Amino acid sequence: MHTSTTSTVPLEPWSATELAEATQGYWYLDQAPQGEIKRILTDSRHAELGDVFLALKGERFDAHDFVVQVAENGCQIAIVSHPVEANICQLVVEDTRLALGHLGAYRRAQHPQLKVIALTGSSGKTTTKEMLGSILTRLAPTLITRGNLNNDLGVPMMLLELRSEHQYAVMELGASHQGEIDYTSNLVQPQVAGILNIGTAHLGEFGGRDGICRAKSEIYRHIDQTGTSIIPAADDFTDTIRQAIQTEHCLSFGNGGEVFATDIQLLAQSAIFTINTPQGSKLVNLPFAGAHNVHNAEAATAFALAIGIALEDIVAGLESAQGAKGRLNFIQKNNHLLIDDTYNANPTSMRAAAEVLAQQQGIKVMVIGDIGELGDTAAQQHYMLGRDLVSVSGIDFVVAVGEFAPATQEGARSTQYGKKLQAFLNQEQALPLLLSLIKTHQPQSMSFLFKGSRYTHMETLMADLMEKV
């Protein structure tokens with residue numbers, strides 16, 4: 001875990017007895033620490049006096065190797081799966097990864113009044129989570145998943161930050177393998193939970209969308225019996241999703257659902273629509289662009305209604321919501337608009353971003369990096385993407401960067417708009433073309449949208465271009 005994912009707020013302290021009880025571990029040589037314990041960390045670089053260092057073991061690393069070092073830095077407690085020769089109190093557990101889960105679940109159980117929303121899906125998770133955060137934090141202290149702490153390590157790390165003043169929690173759950181959401185939703189114990197959509201992200205790991213649907217549907221297993229299951233009404237997999245539901249209460253969103261938008265006006269940087277719900281209808285001025293964000297707002301409304309929030313509070317929260325960094329952030333530089341959508345990408349969100357770009361002013365250029373985690377379908381998916389992006393009316397140029405740029409270019413060339421797309425293997429090669437486009441079209445204004453999977457770091461190319469315009 002890096003510094004950006006570490007909380008700065010004082011956490012609720014632990015005692016040595018609680019640590020042993022939560023993890024079902026034992027204190028090596030009966031040496032238990034005295035006094036309060038302030039936080040549990042998995043990053044050896046930040047462990048200091050008053051902390052517990054939890055030594056995780058992965059395929060390519062073993063943090064037990066750092067126990068001596070953290071002891072020398074003043075940290076006096078470690079959670080280990082085998083005793084280490086070091087001058088430090090050691091809580092020995094069967095498996096440190098599972099111990100982290102036990103600690104998160106223990107902390108969750110100490111807050112029985114907490115109302116928890118858990119959500120998953122192939123795209124839109126972060127934005128829907130931010131919208132829900134905006135709705136709920138207006139009303140009461142709310143714990144919201146930070147960054148990408150949504151896996152079997154991140155979810156318990158977030159639960160460790162629960163404090164007595166929290167009344168709500170919005171937990172984003174990600175799936176990179178079968179069983180992961182079953183595990184994390186059991187830790188979280190939500191009253192309201194559901195799937196946003198079944199897309200093509202992580203296709204490689206699940207061997208197809210059926211596998212993705214099975215993995216994500218695990219979220220319905222751990223909803224409180226008196227709680228509510230949230231489902232997308234118009235997804236290809238809606239019928240399969242319905243079969244996974246175990247609660248009496250269920251609320252659907254989207255076309256044909258109980259919570260849906262009508263009278264939608266998509267503007268360049270926002271959207272206006274009427275949200276229709278079992279509690280009535282209201283006009284929403286949403287400060288997010290794109291039809292996909294109207295859909296995210298439908299989902300956020302359904303989750304919030306299910307946890308007991310009044311419709312007018314939901315609308316106020318939606319209207320004051322802000323996007324996460326790298327999620328369709330609009331930056332004006334001289335007479336050019338740069339849209340930073342570099343946080344991540346999948347085939348669905350890439351197409352949605354193109355529709356947003358098409359709404360902008362001037363010459364429109366889409367700059368895309370590779371999409372990861374597509375397994376054997378990667379070349380084919382990039383081919384289809386190239387074909388579709390150049391066909392979006394209003395987009396003047398597509399610049400593809402990365403290993404799969406040639407496949408994207410082949411897709412573009414299968415259409416009459418093949419000349420719109422240029423392919424480059426790296427960012428250094430792409431930058432001169434972007435600069436020449438600006439030069440050629442002066443003094444016209446231009447709109448650039450940058451997007452790619454996290455590992456492609458498309459924000460670097462955007463920053464390089466901004467320096468020069």
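## Strands β6 and β8

Strand β6 (residues 115-120) pairs with strand β8 (residues 168-172) in the parallel sense, over five bridges. Pairing here requires at least two DSSP bridges between the strands. V116 has A169 of β8 as its bridge partner. Strands are DSSP runs of E with at least two residues, and helices are runs of H or I with at least four, numbered from the N terminus.

This is a predicted model: local features need pLDDT of at least 70, side-chain atom pairs count only at pLDDT 80 or more, and totals for chains, interfaces and linings use all residues. Residues are numbered from 1 along each chain as its sequence is written, and side-chain values use heavy atoms, without hydrogens or water.

## The six-stranded sheet

Six strands make an open, parallel sheet in the order β7-β8-β6-β9-β10-β11. β7 (142-144) and β11 (249-253) are at the edges with a single partner strand each, so one side of each has no neighbour in the sheet. On average, neighbouring strands are turned by 15° against each other, direction ignored.

## Helices α13 and α14

The axes of α13 (residues 378-390) and α14 (residues 405-413) come within 6 Å and cross at roughly 45°. Axes are lines fitted to C-alpha atoms, for helices over the stretch in contact; angles run from 0 to 180 degrees between N-to-C directions.

Contact (heavy atoms within 4.5 Å) involves A379, H382, Y383, G386, R387 and V390 of α13. From α14 come A407, T408, E410, G411 and A412.

## Domains

The chain is divided into domain 1 (14-93), domain 2 (110-318) and domain 3 (327-465). These bounds come from an automatic or database domain assignment. The C-alpha centres of domains 1 and 3 lie 47 Å apart.
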